[in-house]
Amino acid sequence: MHRRFTTFTSAVLGGVLVAACGGAPETPAKPAPAAPAAPAEPPTPAPAPAEPAVPAGPPLTDAERASAPGRIFHLAEREDGATIDVVLPSGQGAKTMLRGTASAGPPSVLPGPVAPGGELMAVITVDEHEGAHFERIEVRPLTEAGELGEPLWRSDAAPQVRSPAWSPDGRTLAFEAAFSSFRDIYGLDLSERAKPKLNRLTDHPAGNYEPAWSPDGRQIAFVSSRDGNAEIYVMRADGSEVKRITHFQLDDWGPVWSKDGGLLAFLSNRESAERIFLCKADGTELRRLTPDAPAPDQKFEPAEAEPTFTPDGQALVFSTRTGPQQGALRRADLKTGAITPLTAGTSSDREPTFSPDGKLLVFASDRDGDPELYLMRPDGTGVTRLTERKGADWLPRWSPR
């Protein structure tokens, strides 16, 4: 399942990259023939480019926080086990909604995405017993008051049941599972909540992962290794008309649709580092999101991760590694390519998630020592700590109600 906060992961929860550039140092001039040879001075390395300034300023006002819609569910890891907690953007109403079992292993319960209307939530449960590992997905109702109800549906247990994703109309939950194959994608039809219907969308002996719905709900992008390595594919919502989108001998994964459905962002290690790429929905006009190549002498594995399109569709927010255990949030303008820093990267900052109205971002950070959730404006100003309890708080899910 998800790795713990102290490990800055790439495919599931995080990842980063800082590119260093600069010209080669000058070679010292040779001494004149008549003069005695002096010891050569060591080359002076070119200075690293300075990090752009991060927006500064006071925290969010109480009025801004009070007017933010919905509530934020998140994973809370405590000494007695993992829980799903909830808190209002104002910081009030903090409450434990669902408690997992005490375990020294991975969290036994994790918050999945909330349906677009805010009336349903996917929950992943993990059970480890006598060396066996099993996962399930539950669908639970959310009341107007934000209460998490008893499951409407619970999947069978399997070694992997994960990556839940809601259709734009909230009627279907797609996810990957190893029910009877290495991994396939399923769609749970909840049009009639009293009679949920599970449909198998892929049927291939190779792995099929990470379903992502197009904004119009007609297509699902996903990852499959059916052609030898992980590539991005697109199929109709019923599983038909599968089309391969990316073609490279290394891996591509983590597809995310732009707001208008015209672009796909995804992760790739095709340049020997995990970076974000963009292409049109048919695979054409492929390009890298950020312009700089990784430095050859980088002392930590570079990576970019967690691409999230801004609500206006004009930019993309992502996480990028700035050190062995540090990462920053950046904003990339899709038209100009300009990269704007949102956080400094002196701590581990990740998991950027927009509020339903697009006016705020919530993210996870260990900048105060204990991993917590923070709020800020989309331009990086107004950073405000949201959670205060001892223990790791992360994996935010912003519900519209």
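**View 1. The hairpin of β8 and β9 in the predicted model****.** Gly170 takes a positive phi near 75° in this hairpin. The hairpin has 5 residues between its strands. Strand β8 covers residues 161–166 and pairs with β9 in the antiparallel sense. The pairing runs over 4 bridges.

**View 2. The hairpin of β9 and β10****.** Here 6 residues lie between the strands. Strand β10 spans residues 184–189. β9 and β10 pair in the antiparallel sense, over 6 bridges. Leu173 has a bridge partner here too: Leu188 in β10.

**View 3. Strand β9 and its two faces****.** β9 consists of residues 172–177. In a regular strand, side chains alternate between the two faces of the sheet. On one side of β9 are Thr172, Ala174 and Glu176. On the other are Leu173, Phe175 and Ala177. Both faces are covered, and all of these residues are buried. With 6 of its 6 residues buried, β9 is therefore largely enclosed by the rest of the structure.

**View 4. An open sheet of 4 strands****.** The strand order is β16-β17-β18-β19, with antiparallel pairing. β16 (252–257) and β19 (287–288) are the edge strands, and each pairs on one side only. β16 meets strand β17 (residues 263–268) over 4 bridges, in the antiparallel sense. To find this pairing, look for Trp253, whose bridge partner in β17 is Leu267.

**View 5. Thr381 in its loop****.** Thr381 sits in the loop between β26 (372–376) and β27 (384–385). Its relative accessibility is 16%, so Thr381 counts as buried; the cut-off is under 20%. The side chain of Thr381 makes a polar contact with the side chain of Asp379, at 2.6 Å. Beyond its neighbours within four places in sequence, Thr381 is in contact with Pro55, Ala56 and Met376.

**View 6. The whole protein, for context****.** The protein has 1 helix and 28 strands. It contains 401 residues, and 50% of them count as buried. Take the contacts with a separation of 6 or more: residues 24 or more positions apart account for 42% of them.

Methods
Residues are numbered from 1 along each chain as its sequence is written. This is a predicted model: local features need pLDDT of at least 70, side-chain atom pairs count only at pLDDT 80 or more; totals for chains, interfaces and linings use all residues. Side-chain values use heavy atoms; hydrogens and water are left out. Buried means under 20% relative accessible area, exposed over 50%, partly exposed in between (1.4 Å probe, protein chains only). A polar contact is a pair of N or O atoms within 3.5 Å; within protein, one must be able to donate a hydrogen and the other to accept it, and residues adjacent in sequence count only if both atoms are side-chain atoms. Contact means heavy atoms within 4.5 Å. Two strands pair if DSSP finds at least two bridges between them.
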